[in-house]
Structures are given as structure tokens and as C-alpha cells.
Amino acid sequence: MKRVDYIKSVGMPRIIEVSEGARKKTRSSVEALGRSSVLMLTGKHVYKTAGKKTEERLGDLLAKTIFVAKPRVEEVRRIEFDIGFDEIDCVVGVGGGRVLDVAKVVAADIDAPFISIPSTVSHDGLASPVASFKEEGRPVSISTNPPAAVLADITVIRNSPIQLIRSGYGDLISNITAVKDWQLGKDLKDEEYNEVAASMALMPAQLLLREAENLDLKNPYHLELLAKGLVLSGVTISIVGNSRPVSGAEHKFSHALDYLGYGTGLHGEQVAIGTIIIEYLHEKAYGIGDWELIKKSLESIRAPTTAKEIGLAKTQVVEALEYAKKIRKKRYTILEDVDPTREDFEIALEKTRVA
Ligand SMILES: [Zn+2]
């Protein structure tokens, strides 16, 4: 599996707005970046709810709108062919993960700043310098530049499917085990560690974890906290230069599922279930952690906490965990540390009641 170890260029979004009116800043953001010829990439469905309005706001700054169908390299090529001789100097992406991922790569290819306008908050990709593609059924990560601006509009996001928002919660709390794995790397392998990035990843995750019982993901204020947490998570990748603060063994597990072609879970749903299992392994090895709290929090926002809920059999979960041990071994995690056996995994699944 192709993985991103280092991001091409380290930098941070110049403009970040997470609010109920963020979408209205589209034109002023393009102007603030000194640009005047925008390519808007969006999805057919999102166009009706947010894309058309964005076109109107951009007015004469808009050069072209193209609809994105799939997160594939051939789609990037098609769009670049479509741009033709138009002199585009800014890419605005309005949509979910797929649209934003394609927009990031197009923007990097034509060397234009990218403005991210997420229509939902299903994972931390909305502000990260990494695009996730699927090529021949296999997941592929492509490094891009960080977005120049992120405009996360809560009014738009609130109307997106709740399953996507719950998945975003899962991706955010996965930072808890990701940072624990990073600390293992620091303590045992003398790996470089960035306290600011680790705190940026960890604090919003811990806050929402503690508040999960009272969390209402359709409440604008709560949604804003989640969106801010995911934006910060994406930004940590730009600070550190790789995804270490937000991706540990729980992500290896999710990548293993994708690679094996198992299950029906969204990214955040898969990593959340991974987080329960990995937190259990940390707790067992070092006595630090609370997998039950993580599981309970996911239950209270009604996200899946069992393999069955995302279409997985126990044998598939065990196979994915074993496969996860072979992924990106240089990224030191609890899997490399305790080297669990098949039996250890089976016990973990039983104890956590994941499968
Ligand atoms: Zn993730």
C-alpha cells in the first residue's frame, strides 16, 4: 500500500473560519489570497444545497464549475483536461470528502491555492494536506499542499447526513490512541515528538469524549466544537509534516479493512471501532486508558461499536488486526510494541464486546 511519509510542503491555512456564516466569506477569501479566476469543484447533490449559492457569491471571480464524480487519479486528469487553456489561479472545493480530495490534488497540480468548503464533517481530511483516493479497489494516499483557507459553515454541515457527522466524531476521538502510539514512539524509539501538535490533536478529542453523554450532534454549538476539532486535527498534519498526531494503530486497522475489501463502514466508523480495541491493548499493557469510556461515548452518539454493525464478521476483524501489524511498520504503535498474537486479538474483541 502506498503511504505518505512526508508532506511536500509544510504550511498552514491562512484563513480558518468555523461558524454559522463561514460560507459567506468565500469571495473575500479569494480576494484576500489575491486571486481572481476560480475553478469551483463540487458534487451534483451538494451543488443544490451549497454549490449554487457559492457560485453566486463568487460572481465574476468564477471561471468554471466542474462536478466531481469519484476520488480517482483519472478524474483529476479529466478535470485538468476540462480546464484546458482557462487561466485558473484558485481552486474552491464545495463538498464532502471525495470532492475535497480531488480538489486538493487538482490545486496542487496546477499550483493554485485551495479553499476548502466542507459540506459535512465525516473525517479530518477537510483541513489536511492529504488526499485519499481509491485505485483498483485499493486505498492510496496522495500528499498535497495544505488548504489556503478552510471555511466550515455549520449551517451547511448541520444539514448533512447524521451518519457522516457521527463518523467525524469517530475520527476525532481516534486521536486519543494515535497520540498514545506517538508517545510510545517517542519514549521507546526516540522519535521526534511535537507537544503543540499532540495537544491540538488530543484536547478537542478529550473534551468531546468527556461530554459525549450530553452531545447533540445537530446542535450548532456542539457541531462547531466537532468541526473545530477536526480542522485542528488536519492542521497538525501540516505542522508535523506527516499524519502521526492523528493516525496510529487504529488507522492501521482501518487501512487493513480497506485493503482487504472488508465491511461497509465509513472511515470514522472503522477507526472508532479500532480505537476501542487499541485503547484496550494500551490499557492492558500499560494500565493507562479507558476503552469503556470510548465505547460508551460512541454508543451515546449512536455510532457503531460492534463489528457486526459495519458488516464485519469476527474472523475478518481478527484478520484485519493481523494485517494491520504488517502495515507501515516504521510507524511505531502498540501493535509493534506488544506484538499481540491472534489469541490476544480474540480476547480483546471478546472483552470489548466488539465481536
Ligand atoms: Zn482518519
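Does Ala307 count as buried or exposed, and how many C-beta neighbours lie inside 10 Å? With 25 such neighbours, Ala307 counts as buried; the label takes 20 or more other C-beta atoms within 10 Å of a residue's own, while 12 or fewer makes a residue exposed and anything in between partly exposed, with C-beta atoms placed from the backbone. The model is a predicted one, so local features need pLDDT of at least 70 and side-chain atom pairs count only at pLDDT 80 or more, whereas totals for chains, interfaces and linings use all residues. Numbering starts from 1 along each chain as its sequence is written.

Ala307 sits in the loop between helix H12 (291–300) and helix H13 (314–324). Neighbours within four places in sequence aside, Ala307 is in contact with Ile273, Leu312, Ala313, Lys314, Val317, Val354 and Ala355, a contact being two C-beta atoms, placed from the backbone, within 7 Å. Ile162 lies 145 residues away along the chain, and its C-alpha atom is 20 Å from that of Ala307.

Now for the whole chain. There are 15 helices and eight strands, taken as DSSP runs (H or I, at least four residues, for helices; E, at least two, for strands) and numbered from the N terminus. The radius of gyration is 20 Å, close to the 20 Å that the globule rule gives for 355 residues, so the chain is as compact as a globular protein of that length; the radius is taken over C-alpha atoms, and the rule is 2.2 Å times the number of residues to the power 0.38. Of the 355 residues, 54% count as buried. Among contacts with a separation of 6 or more, 80% come from residues 24 or more positions apart.

The chain splits into domain 1 (15–158) and domain 2 (162–352), with bounds from an automatic or database domain assignment. Their centres, over C-alpha atoms, are 27 Å apart, and 23 residues of domain 1 are in contact with 28 residues of domain 2. On the domain 1 side, strands E1 (15–19), E7 (138–143) and E8 (149–153) and helix H5 (154–158) each supply at least two residues, with H5 giving the largest share, three residues.

The largest nonpolar core has 104 residues, and Leu41, Val91, Ala227, Val231 and Ile277 have the most contacts inside it; such a core is a set of buried Ala, Val, Leu, Ile, Met, Phe, Trp, Tyr and Cys residues joined through C-beta atoms within 7 Å. Helix H9 (residues 220–240) gives the most to this core, nine residues.
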